[in-house]
Amino acid sequence: VIKCKAAVAWEAGKPLSIEEVEVAPPKAHEVRIKVVATAVCHTDAYTLSGADPEGCFPVILGHEGAGIVESVGEGVTKVKPGDTVIPLYVPQCGECKFCKNPKTNLCQKIRITQGKGLMPDGTCRFTCKGKQIYHFMGTSTFSEYTVVADISVAKIDAAAPLDKVCLLGCGISTGYGAVVNTAQVERGSTCAVFGLGGVGLAVIMGCKVAGASRIIGIDINKDKFAKAKEFGATECINPQDFKKPIQEVLVEMTDGGVDYSFECIGNVGVMRAALEACHKGWGVSVVVGVAASGQEISTRPFQLVTGRTWKGTAFGGWKSVDSVPKLVTDYMSKKIKVDEFVTHSLPFDKVNDAFELMHSGQ
């Protein structure tokens, strides 16, 4: 058993608490990882807020991490101690019908236990003050050591800087993949990106890599416009600057609507606007943001009858074990940006400050 520091969420709506936790050794087909770096994501904040129907407490959050394999359980063949890895909240077992289908990346092998905050055998590897602590998204990277299923880990280039590539565990991969895998944006396309946080910037980067000729960034925070343009946005607009709905503004700006739109917020009203900003006959809108529990989307069916397509994406459609190492290689060869997404680097015990920076849009 390893004793180490972790940020424990004892209950919903309260700040994380830095505690000493015990991390049990990995069982069969499990991997224990020394986490070197982790990022914070709105999904962590969503669960911490208490709005997540799958949220269970006490829990160790975090799902954008990178580290070194410390030990492996029986039967683990893909990684060994000393390997550099990224934990994966979307696993890839290679055996279920989802993994065998090229149309999806949503491996279901451990979905049920992962959603309950448990390891595949139905138990936990974390304890603190004599209490069992739940796992989060199968990763729990807000701990100096974590245990994950062997199908939830990608071995990456040992030379990669872990304080950067940890972002490929969720946000950057999700936004970039939404463009290249889910939407399959073509050269010369016109695109609109709603929400210019980390995921939105990754979408912009993807649109630029795909050769889109016009990339319109949309956000109510004007402070995000300069960064969006650095990533490839050709123009940025604030919906609050207009009297009419933003979809009408975009339809006018683009002679009938955009070819592709991406919702990167998790707001069902914006999802509707993103669909309705698409061009009749061929426009495609991709839902990337995760809406709060129980919310529903709506539009007039005529929007779809007249040729628009509404799609969604999870982890950017990447088959995780196969794709994450390639994304790291693309970063190392300067094909995709990663360093530019990092705004602040904080010591682990300042994790609550990181959440505040995220909520304030900084």
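Helices (H or I, at least four residues) and strands (E, at least two) are taken as DSSP runs and numbered from the N terminus. The model is predicted, so local features need pLDDT of at least 70 and side-chain atom pairs count only at pLDDT 80 or more, while totals for chains, interfaces and linings use all residues. Residues are numbered from 1 along each chain as its sequence is written, and side-chain values use heavy atoms, without hydrogens and water.

Strand 10 (153–155) and helix 11 (320–332) each supply at least two lining residues, and strand 10 gives the most, with 3 residues.

In the UniProt record, an unreviewed entry, residues 28–156 are listed as "domain: Alcohol dehydrogenase-like N-terminal"; such annotations may be inferred rather than shown by experiment. Over this range the chain is 13% helix and 30% strand, with the end C-alpha atoms 22 Å apart.

His 279 lies in the loop between helix 9 (268–276) and strand 15 (284–287). The residue is buried (under 20% relative accessible area, 1.4 Å probe, protein chains only), at 17%. Beyond its neighbours within four places in sequence, His 279 is in contact (heavy atoms within 4.5 Å) with Asp 255, Gly 256, Gly 257, Val 258 and Arg 308.

Technical notes. Buried < 20%, exposed > 50% of the residue type's maximum accessible area, 1.4 Å probe, protein only.
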